Amino acid sequence: FPIISVLSDKSAPSLVEYGTSPGRYTSVAQGESTSYDYMLYSSGTIHHTVIGPLEHGTVYFYRCGGDGEEFQLKTPPAQFPITFAVAGDLGQTGWTKSTLEHIDQCKYDVHLLPGDLSYANYVQRRWDTFGELGFWLILQKCKTWMVTETTERYIPFIKDGFQSYNARWKMPYEESGSSSNLYYSFEVSGIHLIMLGSYTDYDEYSDQYRNVNNGRSRSLLVLFITIGDGGKWKA
């Protein structure tokens, strides 16, 4: 059940129409929307809509909000072989575009991004520009992205941590039994993938430790990103 996420600067319903033929939408899904303010910044309306169930290895055509441009999405295969593209710490540096272009040349089924996304810090507009970079790659390859959180500086007692990430990048954490969007697990092509959150509690007494591994697949893949603390790395 993929989640279609769109940022809009105008009033529009959280609606996705989709089907297996161009211009012919045989299914409709209604989603939800959110927005947030950060100091002087106000986000647009962020729409999240779950579509499906979908057939494996199939190209779907969809449009958002009841009109506008048509996009495509190809679902992963039902079983092996499957190819993952894995890249973390994308940020928005001189190397980001080069990395995305290399990924774009790969014949992959799912892109896995295990943390550190926008490098926005306090500059919320950089979440918008990072979304534009990711949106370009998703549309070019018509593939699914699965991500975990980024380091996100916030103002203690005034702004909650991960407000921007949680509003913009909704992952299927509830479906996996997780209590937080910062860590979750999912199944694809017979593989159980665990996306760990390095910037939240992960010791044996934490919710992440107890909740994230609910899979029954024989194959297991775990992704996380290491974090720096005063020049020392830990995982």
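The predicted model has a chain-average pLDDT of 83, where pLDDT is the predictor's confidence in each residue, from 0 to 100. At least 70 is reached by 85% of the residues. Helices (H or I, at least four residues) and strands (E, at least two) are DSSP runs, numbered from the N terminus. The pLDDT is below 50 over residues 230-235. This stretch has 11 contacts (heavy atoms within 4.5 Å) beyond near neighbours in sequence. Where pLDDT is low, the predicted coordinates should not be read in detail.

Residues are numbered from 1 along each chain as its sequence is written. Local features need pLDDT of at least 70, side-chain atom pairs count only at pLDDT 80 or more, totals for chains, interfaces and linings use all residues, and side-chain values use heavy atoms, with hydrogens and water left out.

An open sheet is formed by 4 strands in the order 3-2-8-9, with antiparallel pairing; two strands pair if DSSP finds at least two bridges between them. Strand 8 (residues 59-64) pairs with strand 9 over 4 bridges, in the antiparallel sense. Tyr 62 stands opposite Phe 71 of strand 9.

In helix 1 (residues 96-104), Thr 96, Leu 100 and Ile 103 are buried (under 20% relative accessible area, 1.4 Å probe, protein chains only). The buried residues line one face of helix 1, because they fall within an arc of 60 degrees seen down its axis; the arc is that of the directions from the helix axis to the C-beta atoms. Lys 97 and His 102, on the other side of helix 1, are exposed (over 50%).
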